[in-house]
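Work through these exercises on charged side-chain pairs. Each task is followed by a stepwise solution.

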Amino acid sequence: VVIEGVTPEVDSGRFAIKRVIGESVQVEASIFCDGHDVLSAILRHRPRGAPVWRETAMQALGNDRWRAAFQVDVLGTYEYSLSGWVDHFLTWRHDFLRREDAQDIAIALQMGADLIDAAAHRAPGPERKRLVDSAKALRSAGAAAEGRAIAVDPELARLMGRHAERRHVTEYDRILRVTVDPVQARFS
């Protein structure tokens, strides 16, 4: 996965961008890979020195451009960066929905169930149960339509996104900064 063309950044991240309290930082980047796999990407952000990064899912805009935003709510410096990876569940779902042959569909249902089972092992309590139930339902799907209904379930996609196996994650090679000033700084 390649991440390039990140905006906003000043002089390749050498200097911090500026915002005032309450403003949003909208980040865009070109994120792509070789092949036809489906990607996922996140914007990681935190106040400088905070021990934990917050993650915001990035949305694909088309033509390899992705966007996400975060709001700055305290004075000081924020840090942000990006990560991207091949999303094996979304790739499976994309390929599965295009299959027509009954034997291909039966094999694909088992493969999808295996991906969901793997995510269930990374999920806590109630989310784990929901994922295990989805994997069982995929394995026992009697018809292609039943399997497709499970595969396109938005709740399943959300849970798989939260507990995805992030293999071969590409991290943007810089941590970018935002200097947050008081609102009065707009007028000085």
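Buried means under 20% relative accessible area, exposed means over 50%, and partly exposed lies in between (1.4 Å probe, protein chains only). This is a predicted model: local features need pLDDT of at least 70, side-chain atom pairs count only at pLDDT 80 or more, and totals for chains, interfaces and linings use all residues. Residues are numbered from 1 along each chain as its sequence is written, and side-chain values use heavy atoms, with hydrogens and water left out.

**Exercise 1.** Classify D133 by accessibility, then characterise its salt bridge with K129.

Step 1. D133 has 35% relative accessibility, so D133 counts as partly exposed.
Step 2. A salt bridge puts a side-chain nitrogen of Lys or Arg within 4 Å of a carboxyl oxygen of Asp or Glu. For D133 and K129, the closest N and O atoms are 2.9 Å apart.
Step 3. Both residues sit in helix 3, four residues apart, so about one helical turn separates them. Helices (H or I, at least four residues) and strands (E, at least two) are DSSP runs, numbered from the N terminus.
Step 4. K129 is exposed, at 52%.

**Exercise 2.** Locate the partners of the salt bridge between R67 and E28.

Step 1. The closest N and O atoms are 2.7 Å apart.
Step 2. R67 is in strand 7 (residues 65–71) and E28 in strand 3 (residues 24–32), 39 residues apart; the pair links distant parts of the chain.
Step 3. R67 is partly exposed at 32%; E28 is buried at 17%.

**Exercise 3.** Find how many salt bridges the whole structure holds, and name the residues of a network.

Step 1. The search returns 15 salt bridges.
Step 2. E9, D173 and R174 are linked in a network.
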